[in-house]
Amino acid sequence: MNRERILGVLYDLALTIGGEVKVDALLEKTLQRLLFHTALPAAVVLDELQDSEFGVSVRLEMAVGDHRLGEHVGSRINCPAGLLGAQVELLDNPLLLQPLSQDQGYAWGLRLPVDAQCTILLLSPLPPSTDLPLQALFQPVLANLAKALLLCRNNEHLISLAGDRDDARAELAVALSQSERERAYLDCLHDTIPDLVWVKDPEGVYLSCNRVFSRFYNAPESEIVGRTDYDFASKELADFFRDHDRAAMAAGKPSMNEEWLNFGDGSHQGLYETVKTPMRDRDGHLVGILGVARDITERRRVEEALRASETELARHRQHLESLVAERTSELAKAYARLEQTQFAMDRVGIGIHWVDAEGRFVYVNQVAASILGYTVDEMLALGVSDIDPAVPPGTFTERAAEMRRMESVRLDAENRHRDGHLIPVSLNIFCRPEADGEPARYITFVSDISERKRAEQELREAKEAAEQATRAKSAFLANMSHEIRTPMNAILGSVYQIRRGGVPPGLGEPLDRIEAAGQHLLGIIDDILDLSKIEAGRLELEEAPLMLSRLMNEVAEMLSGRASEKGLAVHVESTVLPGLLLGDATRIRQALINYANNAIKFTERGTIRLRAGVVEEDEHSVVVRLEVVDTGIGIEPEAVARLFTPFEQADSSTTRKYGGTGLGLAITRHLAHLMGGEANVESSPGEGSTFWISVRLKRAPSAVAPSAAQAAGAAIEDRLIARHAGTRILLVEDDPINCEVAQMLLEDVGLAVDLARDGAQAVDRVEHNDYALVLMDMQMPRMDGLEATRRIRQLAGRQALPILAMTANAFAEDREQCFAVGMNDFVSKPVNPALLYTALLRWLDGGTA
């Protein structure tokens with residue numbers, strides 16, 4: 001409640017009290033104003049207090065706001081103890097107010113004692129809702145009301161006497177009464193004002209002051225009037241007051257200043273706003289100066305607090321505006337990114353689903369709806385079970401539990417189009433748990449993968465076709481190998497037999513040509529088979545003990561004949577090489593022979609050098625670089641890049657002069673890669689070439705040594721004859737020439753040979769005869785060698801019989817098939833007699849593969 005409102009209430013009541021001369025009008029208007037300012041519904045005036053044998057009774061003088069009480073005005077009412085009293089008090093006991101409760105049950109009452117006989121009660125059935133300080137506000141008003149009430153009663157009494165006296169005395173009494181009433185009114189108004197009020201003459205002598213000002217100087221009004229500020233305050237303060245008085249009088253209008261005042265009684269100290277106004281009579285002469293000082297301490301504190309709050313608020317507002325601007329900028333950027341992301345997803349055909357915990361769509365983008373032929377609104381009326389056949393109705397919650405556990409799921413599925421057909425889709429599902437009051441959601445990114453599935457199907461069909469073509473190619477190569485190797489076996493076997501029986505004069509050179517041509521053709525076949533195995537990823541390397549120095553010398557010895565025919569020298573440059581290593585000696589020898597054959601082919605004069613060196617090594621392995629250096633025609637730089645490509649040569653025109661298929665170098669590079677190395681060439685036209693290959697070989701344990709069979713070499717035949725001459729074996733072969741050649745090879749080492757022309761004969765002979773070993777061809781009429789081996793193994797006592805494949809089917813899978821049906825070893829055609837004799841000796845001795 002602010003001071004201005006309280007002051008307004010007091011002014012209003014002072015005017016009401018001072019404006020009436022009759023008792024009834026004074027009381028009625030006073031009650032009305034009290035009800036107006038307190039918002040209470042009813043008020044009564046109790047008067048003429050009397051004690052009787054029944055207790056205290058009062059006369060109901062007046063009632064406002066309650067017509068039932070108004071009907072009892074003039075009657076007497078018995079008052080409970082505590083209803084009346086000498087102090088202003090807020091009563092909250094309904095029993096005290098029961099005598100005044102007619103139609104209304106009053107539970108609250110504000111007691112305002114005017115004098116010893118008269119009391120005002122403000123009544124209400126509910127607690128007062130006003131924010132006025134009721135018990136403190138009306139205390140100063142009651143004294144003035146008591147004075148006014150007394151004056152009104154006296155005035156009424158004097159008026160009644162005026163008729164009995166002469167008019168002059170009556171008028172004088174009335175005038176005196178009116179003057180006294182006005183004086184009382186002014187005193188009431190003066191004392192009711194809560195501000196400091198004083199009047200001084202032009203010389204600074206106090207003419208009057210109110211009660212509040214008396215507290216300031218801690219002296220009654222009677223002691224202040226007639227004196228100056230110098231009588232109460234220090235000279236400095238008195239001069240300060242006097243200077244402002246003079247300034248106001250000189251200005252001829254109100255002047256205002258603020259000053260801190262300390263009350264003389266010590267009750268208060270505060271900041272006061274002082275207004276000083278010159279006072280003039282009707283003729284305009286200065287008669288004094290009126291001063292009013294209002295306490296503005298609280299107002300100033302509130303103003304200062306308000307200014308501080310406004311400053312702080314402005315700072316916070318500025319900070320908030322900054323945060324809002326920053327957040328708005330971030331949101332704008334985020335929205336822009338979201339739009340860009342949405343734009344990108346729409347352009348690349350990515351659909352988005354938001355699904356609630358029950359499996360209903362709560363958001364879909366246009367792409368997601370378009371994939372299935374719906375509009376966005378139509379999709380929002382559906383659920384996952386409506387489009388996904390893998391999620392029947394009622395099963396989403398169970399499936400969602402697994403997704404929540406995994407947090408994200410990626411899978412391929414099928415969604416049902418609006419027209420009913422199924423569309424393959426890729427789903428990336430993310431579970432967003434409940435947070436910040438937002439329910440859990442499943443966010444799915446959907447892509448139509450129809451084209452991908454179609455491409456995958458086409459790829460599978462193409463792969464199957466390629467595999468079928470590869471199988472057909474392998475079958476063709478195997479068949480061609482068999483068809484070529486079979487007569488080659490006969491040719492080379494016959495040459496071997498002729499040489500073994502002695503060569504008549506004049507036949508040596510033709511036999512050499514036949515043998516060279518056969519070996520050349522066999523080399524071509526081997527290269528084709530090797531390339532086919534490499535392309536199919538079926539070429540496997542063996543890991544056996546080898547000596548590089550010995551291997552290089554063997555290659556040099558093998559090449560010496562061809563080199564000497566052209567007048568070339570073959571040298572092996574000795575270097576410090578590791579001792580025993582583990583690797584595939586056959587493939588390393590093959591690479592060196594490929595290089596060396598080319599060197600001899602393209603060199604007309606000079607030297608062929610074989611050399612090797614260690615590139616790097618550790619405790620487990622060694623990387624060795626092997627080189628073949630020639631002094632031949634050399635190679636153009638632009639031709640080097642295609643040299644190691646299958647069926648390519650440096651110059652296709654050289655084929656007519658030098659021959660060749662262009663497979664050797666390609667095979668050599670593949671072999672190098674398989675052995676952890678590389679293959680390449682360094683060459684200059686007219687200056688010769690250096691072909692090199694690097695391979696990584698494991699270090700061999702000290703316990704490993706070359707096999708006895710390798711060391712035995714030339715003594716195999718003698719040992720075979722000494723140990724197994726006369727031993728009976730079975731030769732299964734359908735080709736007459738190959739059969740004759742093989743039979744001669746076997747009989748040369750003293751073996752007794754029975755013949756079988758196909759697999760069926762072989763099974764029958766093994767069933768009825770005891771053989772020490774069987775040599776089995778693979779491709780034969782009626783029953784092939786694989787089926788014959790299966791049946792032999794089913795015969796009683798024939799499970800341990802050594803069966804060796806001797807066949808022109810030289811692929812690795814052919815070898816695997818032979819071992820799978822129970823064969824013990826494999827000898828390929830054309831038959832190398834030394835290899836055949838080595839295998840025979842091992843198995844006739846009872847050895848194992």
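**A strand pair and its surroundings**

Analyst: Ser-57 stands opposite Asn-78, which belongs to strand 3. The model in which this pair is seen is a predicted one, and the description below should be read with that in mind.

Strand 3 runs antiparallel to strand 2, residues 55–64, and four bridges join these two strands. In general, the strands of a sheet pair through backbone hydrogen bonds, either parallel or antiparallel. Here the pair belongs to an open sheet of six strands, whose order is 3-2-1-6-5-4 and whose pairing is antiparallel. Strand 3 (76–79) and strand 4 (89–91) are the edge strands of that sheet, since each of them pairs on one side only. From one strand to the next, the twist averages 35°.

Helix 2, residues 23–38, lies across strand 1, strand 2, strand 5 (108–113) and strand 6 (119–124), and it runs at about 80° to strand 2.

Because its relative accessibility is 37%, Glu-48 counts as partly exposed. A phi near 55° is also found at Asn-218, again a positive value in a residue other than glycine, but Asn-218 lies in a loop, the one between helix 7 (211–217) and helix 8 (221–224).

Back at the sheet, the loop between strand 3 and strand 4 is the place of Leu-83. Leu-83 counts as buried because its relative accessibility is 1%, where the cut-off is under 20%. Leaving aside residues up to four places away in sequence, Leu-83 touches Leu-91, Leu-96, Leu-97, Arg-111 and Leu-121. Computed along the sequence, Leu-83 and Asn-93 are 10 residues apart, and their C-alpha atoms are 9.4 Å apart in space.

Two cysteines may also interest you. Cys-118 counts as buried, because its relative accessibility is 1%, and Cys-209 likewise counts as buried at 1% relative accessibility. The structure holds zero disulfides.

Further along the chain there is a helix pair to look at. Two packed helices are described in general by the angle between their axes and the distance between the axes. Helix 17 (residues 548–565) and helix 18 (residues 585–601) pack at an angle of about 35°, with their axes 10 Å apart, and helix 17 passes helix 18 in a right-handed crossing. On the helix 17 side, the residues that meet helix 18 include Leu-551, Val-555, Met-558, Leu-559 and Arg-562, while among those on the helix 18 side are Ile-588, Leu-592, Ile-593, Ala-596 and Ile-600.

As for the chain that holds these parts, its secondary structure comes to 28 helices and 28 strands. It has 849 residues, of which 41% count as buried. Among contacts between residues at least 6 apart in sequence, 58% join residues at least 24 apart. The accessible surface of the chain comes to about 45,000 Å², and 53% of that belongs to carbon and sulfur atoms.

Terms used. Residues are numbered from 1 along each chain as its sequence is written. This is a predicted model: local features need pLDDT of at least 70, side-chain atom pairs count only at pLDDT 80 or more; totals for chains, interfaces and linings use all residues. Side-chain values use heavy atoms; hydrogens and water are left out. Buried means under 20% relative accessible area, exposed over 50%, partly exposed in between (1.4 Å probe, protein chains only). Contact means heavy atoms within 4.5 Å. Accessible areas come from the Shrake-Rupley method with a 1.4 Å probe; for residues, only the protein chains shown count as cover. A disulfide is a pair of cysteine sulfur atoms within 2.5 Å. Two strands pair if DSSP finds at least two bridges between them. Axes are lines fitted to C-alpha atoms, for helices over the stretch in contact, and angles run from 0 to 180 degrees between N-to-C directions. A crossing is left-handed if the near helix is turned anticlockwise from the far one by less than a right angle, and right-handed if clockwise.
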